[in-house]
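Here are a few exercises to work through with the structure open beside you. Try each task before you read its solution.

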Amino acid sequence: MESMGKKKPRRRRSFTPEFKAEIVELCRRGDRSVGQIAKDFDLTETAVRDWVKQAEVDAGERDGLTSSEREELAALRRENRRLREDVDILKRATAFFASMPK
């Protein structure tokens, strides 16, 4: 009875851009529904819908951040976080050396 209604979380998988483009193309053809394509390839419907949406943004058919803009934003956020950590370390070092007796 304990296992009733409980699904094991799915292991996070990664897919190549080529695979995603192929799935998006299948969706755009309109032969099958997004749900059916997701089921056929053992994907989540949400992931497939997100790939289609991102492809539309990248093609300029929809507003939003393109894939390259998303990558740039992520890189800038990482750099910003690292620089904030560097400043924090320098502040602590300055406070430490300022508190030392002369």
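A residue is called buried when its relative accessible area is under 20%, exposed when it is over 50%, and partly exposed in between (1.4 Å probe, protein chains only). You're looking at a predicted model, where local features need pLDDT of at least 70, side-chain atom pairs count only at pLDDT 80 or more, and totals for chains, interfaces and linings use all residues. Residues are numbered from 1 along each chain as its sequence is written, and side-chain values use heavy atoms, leaving out hydrogens and water.

**Exercise 1.** Work out which residues of H3 are buried.

*Solution.* Start by finding H3, which runs over residues 45-58. Helices here are DSSP runs (H or I, at least four residues), numbered from the N terminus. Next, pick out the buried ones: Val48, Trp51, Val52, Gln54 and Val57. Then look at what covers them: helix H1 (17-29), helix H2 (34-40) and helix H4 (67-99) are included.

**Exercise 2.** Compare the reach of H3 with its expected span.

*Solution.* Count 14 residues in H3. The expected span is 1.5 Å times one less than the number of residues, and for H3 that comes to 20 Å. Now go from the first C-alpha to the last: H3 reaches 20 Å, close to the expected value.

**Exercise 3.** Describe the whole protein.

*Solution.* Tally the secondary structure: four helices and zero strands. Then box the C-alpha atoms along the principal axes, and you get roughly 80 × 50 × 20 Å. Last, check burial: 13% of the 102 residues count as buried.

How values were computed. Helix = DSSP H or I, 4+ residues; strand = E, 2+ residues; numbered from the N terminus. Contact = heavy atoms within 4.5 Å.
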